[in-house]
Amino acid sequence: MAPAVSKLPAEAGLGTLPRRALAQYLRLLRLYPVLTKAATSGFLSALGNFLAQMIEKKRKKENSQDLDVSGPLRYAIYGFFFTGPLSHFFYVFMEHWIPPEVPLAGVKRLLLDRLLFAPAFLLLFFFIMNVLERKDMATFSMKVRRGFWPALQMNWKVWTPIQFINVNYVPVQFRVLFANLVALFWYAYLASLGK
């Protein structure tokens, strides 16, 4: 019988790094849920805007390496201070207000999210981005008149099935992360509205 071949250190560590990162994330999520979700939201929001800029450059066939760093910074601020914390508290509130054993809980949660939270959150997005871009209220008003309704309709189309899964099947501690991962593409859409 041949002796067992030992694993190389590099091979042994390939699977452990993602496991350690996940374990660390879960520990931070347990110890500092709001801060962890805020940091995750900030990072993924900035990444979403960065990807949107890269996609836009490819679409326009631009070869320049220049990126607008203020865009990812604005999205990071919005994600950290608004998306992460507000989404955390909204999902916790929803879980307590409409527990799973309530009749038609899934439909009620979805309606609460789609008809109340989504429009308010989208309007907040328009307002905060206007402030971070140092635009006046006339610009904000014009952007809302021009972009809010199309963005809300697209939000309902894109996010309704995603949020149905999120608010009914994803554990509450992972709902912000799940939404943030999907939002990478959503922020690319919202960024295209501003151009």
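D113 and R114 form a salt bridge, their closest N and O atoms being 2.8 Å apart; the term asks for a side-chain nitrogen of Lys or Arg within 4 Å of a carboxyl oxygen of Asp or Glu.

A word on what you have open: this is a predicted model, in which local features need pLDDT of at least 70 and side-chain atom pairs count only at pLDDT 80 or more, while totals for chains, interfaces and linings use all residues. Residues are numbered from 1 along each chain as its sequence is written, and side-chain values use heavy atoms, with hydrogens and water left out.

Next, select helix 5, residues 105-132. Helices here are DSSP runs of H or I, at least four residues, numbered from the N terminus. Zoom in on F117, where helix 5 bends by about 40° and P119 follows within four residues; the bend is the angle between axes fitted to the seven residues ending there and the seven starting there. Just past this helix, R134 has a positive phi of about 60°.

Now pick E133 and K143, a salt bridge with closest N and O atoms 2.8 Å apart. E133 is partly exposed at 26% relative accessibility, whereas K143 is buried at 16%.

Last stop: R175 and E95, whose closest N and O atoms lie 2.9 Å apart in another salt bridge. This pair joins helix 7 to helix 4, 80 residues apart.

Terms used. Helix = DSSP H or I, 4+ residues; strand = E, 2+ residues; numbered from the N terminus. Expected span 1.5 Å × (residues − 1). Buried < 20%, exposed > 50% of the residue type's maximum accessible area, 1.4 Å probe, protein only.
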